[in-house]
Amino acid sequence: MDPFNGIRANKLMAAYCFHVLEAKLKQWKAGMPGEDELPRGADANGMFVTYEKTDGDLRGCIGTFAKGNLKDTLERYSLIAGLRDSRFHPIDSEELPDLRCSVTVLSEMQPIPKWDAWTPGKHGVYISLNKDRRNYSATFLPSVIIDQGWSKHQTFEHLLAKSGYRGAPTRDIFELCEVHTYEGSKEKITYGDYRAEFRERWGFSPLE
């Protein structure tokens with residue numbers, strides 16, 4: 001059974017995110033060429049949109065685990081990731097040529113019985129922890145864990161830090177966490193390739 005219900009990431013999705021962001025930044029008034037190439041009426045289980053500099057520095061990454069219409073989710077999170085990730089200043093149009101965009105389509109989350117019952121490189125991990133009358137939660141996508149080269153123990157240390165938990169990241173704390181895993185289908189495209197994709201697929205280049 002396909003964990004992604006037939007909806008996997010592709011370069012068109014990443015190119016479309018670039019186009020939505022660029023249209024917003026440059027205040028284009030036209031419609032969205034390319035939207036007709038997206039699967040009509042398709043729903044994705046969840047999705048993250050990520051912008052990085054070509055040297056690998058992160059510029060924004062926001063997503064959702066909620067199932068929703070593919071086109072609407074791409075449009076919404078292409079802008080939130082680019083303009084409203086509170087960790088970074090908003091992307092501006094002058095930065096675009098130095099960026100790449102990736103889309104990660106998620107499978108449904110599955111609970112696991114032990115904190116370490118997952119496979120690096122295959123699974124993303126979501127944790128939630130209720131401790132001292134406070135709630136903590138965080139996630140890392142499958143590609144983040146493998147790109148960073150983290151062990152399972154290191155992943156949980158970083159998850160707890162990301163969640164805002166300031167106590168010692170011990171195995172006892174790991175075992176108190178409610179843990180879900182998921183898989184990710186990821187595809188990325190550079191801004192330059194997006195422009196080539198745009199011209200090839202949609203027939204014209206945007207006016208600067």
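Tutor: The buried residues of helix α2 are covered by elements that include α1 (11–26), β1 (43–44), β2 (47–53), β3 (58–64), β4 (68–69) and β5 (99–106). Keep in mind that this is a predicted model. The residues of α2 that are buried are Leu70, Thr73, Leu74, Tyr77, Ser78, Ile80, Ala81 and Gly82.

Now look at the helix itself, which runs over residues 70–83.

Let us turn to the cysteines. A disulfide is a covalent bond between the sulfur atoms of two cysteines. Here a pair of sulfurs would have to lie within 2.5 Å to count, and the count comes to zero disulfides. Take Cys101: the closest cysteine sulfur to its own is in Cys17, 4.6 Å away, which is too far for a bond. Cys101 counts as buried because its relative accessibility is 1%. Cys177 also counts as buried, at 9% relative accessibility.

Next, follow the chain to an open sheet of four strands, in the order β6-β9-β7-β8, with antiparallel pairing. The edges belong to β6 (110–111) and β8, each of which has a single partner strand, so one side of each is left without a neighbour in the sheet. Helix α4 (residues 152–163) packs on this sheet, where α4 touches β7, β8 and β9. The direction of α4 makes about 125° with that of β8.

Within the sheet, you can trace the partners of β7 in turn. Strand β7 (residues 124–131) runs antiparallel to strand β8 (residues 134–140), and seven bridges join them. In this pairing, Ile127 stands opposite Ala138 in β8. The hairpin of β7 and β8 has two residues between the strands, and Asp132 takes a positive phi near 55° there. Strand β7 also pairs with strand β9 (residues 178–182), again in the antiparallel sense, over five bridges. In that pairing, Gly124 stands opposite Tyr182 in β9.

Note on methods. Residues are numbered from 1 along each chain as its sequence is written. This is a predicted model: local features need pLDDT of at least 70, side-chain atom pairs count only at pLDDT 80 or more; totals for chains, interfaces and linings use all residues. Side-chain values use heavy atoms; hydrogens and water are left out. Two strands pair if DSSP finds at least two bridges between them. Contact means heavy atoms within 4.5 Å. Axes are lines fitted to C-alpha atoms, for helices over the stretch in contact, and angles run from 0 to 180 degrees between N-to-C directions. Buried means under 20% relative accessible area, exposed over 50%, partly exposed in between (1.4 Å probe, protein chains only). The expected span of a helix is 1.5 Å times one less than its number of residues.
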